[in-house]
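Welcome! Take a look at it first, and then read on.

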Amino acid sequence: MDEFIALERVEKVFEVRRRTGFLRRERREVRAVDSLSFTVARGEMVGYIGPNGAGKSTTIKMLTGILTPSGGRLRVAGIDPARERARLAHRIGVVFGQRTTLWWDLPLIDSYRLAHRMYRIPDARYRENLDRMVELLELGDLLDVPVRQLSLGQRMRGDIAAALLHDPDVLYLDEPTIGLDVVSKAKVRGFLREVNAERGTTVLLTTHDLQDIEQLCSRVMVIDHGRLVYDGRLAGLHEAGESERTLVVDLERELPPVEVPAARVVRVEGPRQWLAFPAGQSAAPVVAYLAERYPLVDLSVREPDIEAVIARMYAEKAVS
Amino acid sequence: MAPWTRRGRLAEGVRAYRLVAAMWVRSTMAYRASFAMTTFGNFAATFLDFVAIMLMFSRVDALGGYPLPEVAFLYGLSAVSFGAADLLIGSMDRLGRRVRDGTLDTLLVRPAPVLAQVAADRFALRRLGRVTQGALVLGWSLTRVDIDWTADRLLLMPVMVVSGCGIFCAVFVAGAAFQFVAQDASEVQNAFTYGGTTLLQYPPTVFAKELVRGVTFVLPLAFVNWLPATYVLGRPYPLGLPLWLAWAPPLVAVGCGALAGLAWRAGLRSYRSTGS
C-alpha cells in the first residue's frame, strides 16, 4: 500500500489577538493542530471526526494547500500542498458542505463548463465524466436549471459532481450530508461508494453524522484538541466510547417505566419514554419485546452523536 | 523565479481572469433589465457629477486659472483611467467579505492564481457607464481645448491613460491586500474616510469628484494626469518640477504595480498562515 496522504508531526499554531481594554490587546497562541501524524493509503475511505473546534477543518485546509502548516511534514500525492497549491489543485477535489462552488445565477452546466476549461480537462474525458456523473447523481433534468433554483440536496449532488470532473485522486468532503433529507443522503452515500470502488478515489470526509461513517468508511479517525485520539474501525470506537443508542417510545398512555432486558429507561415524560441500549446491539429484540407487552403508538431510534461518543471516551480514560 | 515561469504565471492569470469574468458577465445577463438600468444609472450618476462642474462655470470663467475645456480635459483623463481600472478590477474590495465568510477558500483550491480570480470576482460590465462618461467628457474637451499637437504630445495621450489605469489598479490591489490583515471593513473604511475627509476640508469644488477620489490615493495621483496633462496643455508646471516627469507615469505605474504585488503576496501569505 502506498501512502497517499502522509502527515508527520504536523502542527498549526494560530496567534489569537483579543481586545482586553480600549487599546490593550492580549496575544495568545492557540494550537489548532498539535503534532498530528497519520497516513492514508490510495483508495481508502476515511471518516475524520471530532467535536467543533477540534482541528478538523484546519487539517483539511492544510491538506488542500489553503493553510501553511507551522511545523511538521505533510504530503499529498507526493506534493507539498503549501508550496505547490496550484499543481495540487489538479489532483484533489474539495466539497465544502456549507458553501457551494457552483455559480448561483447560471445553469448548473455552466459551472461544469468553467471547470472543463479551468482544469484543462481533455474534451473526451470531460464528456465521459460528465455523462457518468449525470447518470449516477441523477443530474439530467437539472443541468439547465439555474443553481439558485436547486434544492439543497440537488445542489450538493451538483457540487460533488463539480469536484470530480477533473478525475482527482483524492476527494475531501466537509459535511457532505448536512441538512439533506433521507433520500438525498442515501443518494450521496451510494454515489461516494461507487466512485471509491470504480476509480479508486481516496476519500476523506468530515461529518457529524455517524451514519455517514457507518455506511461508507472502514476507518475512522477522531481528533480532539488538535490531537488524534482514535484511529481504527468504527465498531471499535463504539466500544472505546461505550456509546449508547436511544429508543424513543410513545405509549398509549402514561405508564410506569417499562421493563426491558438489555435496555434501561433514562427518561419518562408523560406517555413518552427514552430507553438506552449499547450501540453495538440491534434494536430489533428490544422493539419486539416491547411490542408484545406494551401498548405502543410510535417509536424511533436515535444514533449516538459524535460529541457524546468522544465525551464518554474521555470519561472512560479518566476512570481507568 | 525564472523569467519564463513568471511569464507563464502571467498568461495563466490572464486566462483565469477571462474565464471568471466571462462567467460574471453571463450571470449579470440573467437579469437583463437590471443590467440595463444599473448601467444607465452608473452613466447618469457620473454624468451629473460633471454637470455640477459645468454649473460652477456658469458663475466663474476659470478654476485655478483653468477654463472649462481644460478642466474637462483633466477630468476626462482621470475619469477614463479610473473608470477603466474600476471596470477591470473594481470588485476587489469584496475580498474582505470573502475572507470573513470563508468563501476565499473555494478560490484557493482551484488551479489558477488567486489574484486573477479575485480581480475578476463580480466583474461588472455596468461599470462601462463610468468609462463611457469619462471618454465623452474627454472627447468633448478635445474639440474645445487649444493644444499645439506635436508628435510627443500625441503619443503622451494613450501613455497617460494606460499608466493612469495601471496606477489605479495598483491601488486597488494594495487596498485588497490590506483587507487580508484588517478584515473588519470598518478599519479599512476608516483609512479611506479619514483620508478623504482631511482632503475634503479644502474646497472640494476645485476638484471633480473623480479627482477627489483619486487624491485619496495621494502620491500617484499627480502622475495620472496633472503632470502629463499640464505638459500636453503647455501650461506652467506645478511645484516647478522638471519637464521630463511628464513621461514618468509608465515608470510610476510599474513601480506601484510591483509594490502592490509585494503587498498582495504578503497579504496572501499571512492569510494562509492565519486562516481567518
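Predicted model: local features only at pLDDT ≥ 70, side-chain atom pairs only at ≥ 80, totals over all residues.

**Confidence in chain A**
- Chain A has a mean pLDDT of 88, and 93% of its residues reach 70 or more.
- Among the elements of chain A, helix α3 (residues 108–118) has the highest mean pLDDT, at 96.
- At the other end is helix α10 (residues 306–319) of chain A, with the lowest mean pLDDT, 65.

**Domains of chain A**
- Chain A is divided into domain 1, covering 3–239, and domain 2, covering 244–303.
- Between the C-alpha centres of these two domains of chain A lie 37 Å.

**Make-up of chain B**
- Chain B contains 12 helices and 2 strands.
- Read from the N terminus, the elements of chain B follow the order α-α-β-β-α-α-α-α-α-α-α-α-α-α.
- Of the 276 residues in chain B, 38% are buried.
- Counting contacts in chain B with a separation of 6 or more, 84% join residues 24 or more positions apart.

**Two packed helices in chain B**
- Helix α3 (residues 68–89) of chain B packs against helix α8 (residues 151–181) of chain B at an angle of about 50°, and their axes are 8 Å apart.
- α3(B) and α8(B) are therefore oblique to each other, and their crossing is right-handed.
- Where they meet, α3(B) contributes residues including B:Leu77, B:Phe82 and B:Leu88, while α8(B) contributes residues including B:Met160, B:Gly164 and B:Phe172.

Technical notes:
Residues numbered from 1 in each chain as written. Chains lettered and ligands numbered in written order. pLDDT = per-residue confidence, 0-100. Helix = DSSP H or I, 4+ residues; strand = E, 2+ residues; numbered from the N terminus. Buried ≥ 20, exposed ≤ 12 C-beta atoms within 10 Å, placed from the backbone. Contact = placed C-beta atoms within 7 Å. Domains from an automatic or database assignment. Axes fitted to C-alpha atoms, helices over the stretch in contact; angles between N-to-C directions. Parallel < 35°, antiparallel > 145°, perpendicular 65-115°, else oblique. Left-handed = near helix turned anticlockwise from the far one by under 90°.
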